[in-house]
Amino acid sequence: MSLIDTLNDLRARELAVIVQYMRHHYVLTGADGAALADEFKEVAITEMKHAEALGERIDFLGGDPTTKPSEIMKGGATLSDAASIDLASEEEAVGLYRAAVKEADAAGDVTTRRLLEDILADEEGHMNEFRTMLGK
Ligand SMILES: [Fe+2]
Ligand SMILES: [Fe+2]
């Protein structure tokens, strides 16, 4: 798999979590849910920026930025359910971005590596946010 394919896989995941987190933002109710619903929106907006940055980089490298989201996780009617699902998505993202940083490094693509490192830092922050919601 080429670096462009890896970037497109990451972009597809970003597109999926945008929809997933916005959905949680819309459906969460109840005292806890309503108080934290905006946090899901804030995270989703950051994911939009990731999808856009990856799209620009893919285009620059001569690829075609995907418009197709990967699998969108179902569920999330309660705060703990939504935060658990989204924490799993973030944990997966962190692993994939760490691997992609190594791949960009091996390809000698310093700019892509730096972009991926910046996004990775955001994903670790998201992981922390969802953990905090779950009291972990
Ligand atoms: Fe992201
Ligand atoms: Fe994230």
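Student: Before we start, what counts as a helix or a strand here?
Tutor: Both are DSSP runs: a helix is H or I over at least four residues, a strand is E over at least two, and numbering goes from the N terminus. Keep in mind that this is a predicted model.

Student: Fine. How many helices and strands does the chain have?
Tutor: Four helices and zero strands. Reading from the N terminus, the elements go α-α-α-α.

Student: What share of the residues is buried?
Tutor: 34% of the 136 residues. As for contacts with a separation of 6 or more, 74% of them join residues 24 or more positions apart.

Student: Switching to packing. How do helix 2 and helix 4 sit against each other?
Tutor: Their axes are 11 Å apart and the packing angle is about 165°. That makes the two helices roughly antiparallel, because angles over 145 degrees count that way. The crossing of helix 2 and helix 4 is left-handed.

Student: Which residues meet there?
Tutor: From helix 2, you've got L36, E39, V43, T46, H50, A53 and R57. On the helix 4 side they meet T112, L115, I119, D122, H126, E129 and M133.

Student: OK, helix 3. What span should it have, and what do its end C-alpha atoms give?
Tutor: Helix 3 covers residues 79-106, so its 28 residues at 1.5 Å each should span 40 Å, and the end C-alpha atoms are 40 Å apart, which agrees.

Student: Which of its residues are buried?
Tutor: The list is L79, A82, A83, D86, L87, S89, E90, A93, Y97, A100 and A104. Their cover includes helix 1 (3-27), helix 2 (30-60) and helix 4 (110-133).

Student: And what follows helix 3?
Tutor: G108, which has a positive phi, near 75°.

Student: One more: R11. Buried or exposed, and why?
Tutor: R11 lies in helix 1. It's buried, because 25 other C-beta atoms are within 10 Å, and the cut-off for buried is 20 or more.

Student: What is R11 in contact with, leaving aside neighbours within four places in sequence?
Tutor: A51, L54, G55, I58, P65 and T66. Take L54: it is 43 residues from R11 along the chain, yet their C-alpha atoms are separated by 6.1 Å.

Conventions: Residues are numbered from 1 along each chain as its sequence is written. Chains are lettered from A and ligands numbered from 1 in the order in which they are written. This is a predicted model: local features need pLDDT of at least 70, side-chain atom pairs count only at pLDDT 80 or more; totals for chains, interfaces and linings use all residues. The expected span of a helix is 1.5 Å times one less than its number of residues. A residue is buried if 20 or more other C-beta atoms lie within 10 Å of its own, exposed if 12 or fewer, and partly exposed in between; C-beta atoms are placed from the backbone. Two residues are in contact if their C-beta atoms, placed from the backbone, lie within 7 Å. Axes are lines fitted to C-alpha atoms, for helices over the stretch in contact, and angles run from 0 to 180 degrees between N-to-C directions. Angles under 35 degrees count as roughly parallel, over 145 as roughly antiparallel, 65 to 115 as roughly perpendicular and the rest as oblique. A crossing is left-handed if the near helix is turned anticlockwise from the far one by less than a right angle, and right-handed if clockwise.
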